[in-house]
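Subject: Structure handover

Hello,

Here is the structure for you to look over. My notes follow below it.

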Amino acid sequence: MSAYPSELARRAAEAVDPELVARLAHDLVRIRSVYDAELGTTEAAAASYVANHFRSVGLVPVVEEAAPGRPNVVCDWQGTGFDPARHRTLMFEGHTDVVTEGDPGKWTVPPFEGRVEGDVLHGRGSADMKAGVAASLAALEAVRAVAPDLTGRIRFGIVADEEGMMLGIKHFIKQGWADDVSGAIVAEPEENELCLFQKGAMRVNVRVVGVMSHGAMPYAGVNPNLGLADLIVALRDFERREQERLGSHEFLGLPWITPTVIRSPAAGEAQLNVMPEEAFAALDIRTVPGQDHAEIEAELRRIGADIERGTDRLHVHLDFFESRPWTQTHADDPLVRALEAVYKGVFGTAPRYGGVPGATDGTFLWAWKDIPIVTVGPGDRTIPHQVNESVRLSEVVASARLYAAAAVTYLSSDR
Ligand SMILES: [Zn+2]
């Protein structure tokens with residue numbers, strides 16, 4: 001007995017070409033797609049590689065700039081049986097940008113050489129997430145080979161700027177590309193665990209403004225440093241209350257409120273005998289199901305108002321400049337069911353589950369468009385952004401098989 005739910009799913013998995021997977025991943029790693037505004041480098045060359053790949057297999061990609069020099073690549077394929085009124089659209093989501101390699105001297109293998117040693121592909125972006133992009137592209141070719149008459153559509157959104165403000169996916173959604181997507185696989189490195197949960201994030205800039213004075217006469221001014229210290233202590237208490245209230249989430253762990261940057265004076269030169277006018281802090285807040293970003297914002301504003309109380313000469317300004325809600329996809333969603341159904345066939349084990357410790361592009365598909373997302377892809381979850389990033393090619397091939405088998409399963413039913 002096959003471990004697959006259908007003969008078609010088995011054939012789709014087996015039709016994945018490991019050499020195509022390896023070639024795509026290798027070629028993409030060799031393109032240094034680090035966004036650096038000062039150096040003028042972007043992910044454009046990686047995007048054009050992806051677009052050219054689609055053209056080479058006879059498809060017509062749409063290339064749209066999410067920001068100057070920062071293109072998204074969107075490409076559709078549909079089976080001959082596809083009827084948009086009845087059938088599903090499965091999205092494969094990936095990003096072309098990678099984080100900086102840092103000091104290349106710290107790498108044992110040059111970060112953009114694309115060196116393969118045995119089963120291991122080395123390089124910046126190998127796991128996060130050129131491997132996932134390669135796996136999804138190869139999965140499509142397998143689907144096309146075994147199910148040309150499929151009753152569904154596959155849409156690729158291979159976008160820019162996941163590592164920054166996620167301009168790429170936001171632009172993709174604003175252009176309407178997400179409107180007819182029924183479900184999305186986010187191909188981030190999650191060790192091929194099915195992740196139905198992603199942690200949320202809030203980003204906040206804090207400015208505490210007092211009154212500057214000579215350090216010999218602190219009574220003549222108001223010290224913003226003390227106001228900021230009070231705020232940070234209050235945030236630590238709030239974090240502890242939230243952690244006690246919610247406990248540790250099975251897949252996401254605890255919620256956190258982390259002051260990551262503290263600067264005083266907020267700008268300009270620090271001097272020992274000058275009490276500055278303004279102090280600055282940046283907060284990295286990570287949220288879990290059971291928390292509400294609006295309530296967190298209200299609590300922080302209450303804490304700020306408490307600190308201001310008693311003087312009209314100290315002001316706490318809070319700028320909530322980014323909100324990425326936690327996500328939770330229903331376990332009985334058809335996309336989850338399709339991935340679970342084919343998992344054993346591909347991996348020989350029952351499905352393994354995980355949680356995504358940070359937000360991904362999928363966060364916005366879920367939060368803005370209610371699209372069920374499953375984050376699953378090749379690569380060690382902790383290796384992205386470190387030196388000596390690498391991925392096992394056998395794991396990338398397994399992802400491609402999972403994607404292909406799940407796609408034909410998911411797209412064989414009406415929506
Ligand atoms: Zn990523």
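In helix α5, the buried residues are Gly168, Ile169, Lys170, His171, Phe172 and Ile173. Buried means under 20% relative accessible area, exposed means over 50%, and partly exposed lies in between, with a 1.4 Å probe and protein chains only. Helices here are DSSP runs of H or I with at least four residues, strands are runs of E with at least two, and numbering starts at the N terminus.

This is a predicted model: local features need pLDDT of at least 70, side-chain atom pairs count only at pLDDT 80 or more, and totals for chains, interfaces and linings use all residues. Residues are numbered from 1 along each chain as its sequence is written, and side-chain values use heavy atoms, leaving out hydrogens and water.

What covers the buried part of α5? The cover includes strands β1 (62-67), β2 (70-78), β3 (88-95), β6 (152-159) and β14 (315-324), plus helix α9 (361-369). Just after α5, Gly176 has a positive phi of about 90°.

Next, strand β9. It runs over residues 200-209 and is mostly covered, with 7 of 10 residues buried. β9 pairs with β13 (residues 278-287), antiparallel, over 10 bridges. It also pairs with β14, again antiparallel, over 9 bridges. Strands count as paired if DSSP finds at least two bridges between them. Look at Arg203. Its bridge partner in β13 is Asp284. In β14, the bridge partner of Arg203 is Glu322.

Now the whole chain. The protein chain has 10 helices and 18 strands. Its radius of gyration is 24 Å, close to the 22 Å that the globule rule gives for 415 residues, so the chain is as compact as a globular protein of that length. That radius is taken over C-alpha atoms, and the rule is 2.2 Å times the number of residues to the power 0.38. Along the principal axes, the C-alpha atoms fill a box of roughly 80 × 45 × 35 Å. Buried residues make up 54% of the 415.

Contacts (heavy atoms within 4.5 Å) reach across the sequence. Among those between residues at least 6 apart, 81% join residues at least 24 apart.

Last, charge. The chain carries 40 positive and 59 negative side chains, and the centres of the two sets lie 1 Å apart. Lys and Arg count as positive, Asp and Glu as negative; His and the chain ends are not counted. Each charge is placed at NZ of Lys, CZ of Arg, CG of Asp or CD of Glu.

Best wishes
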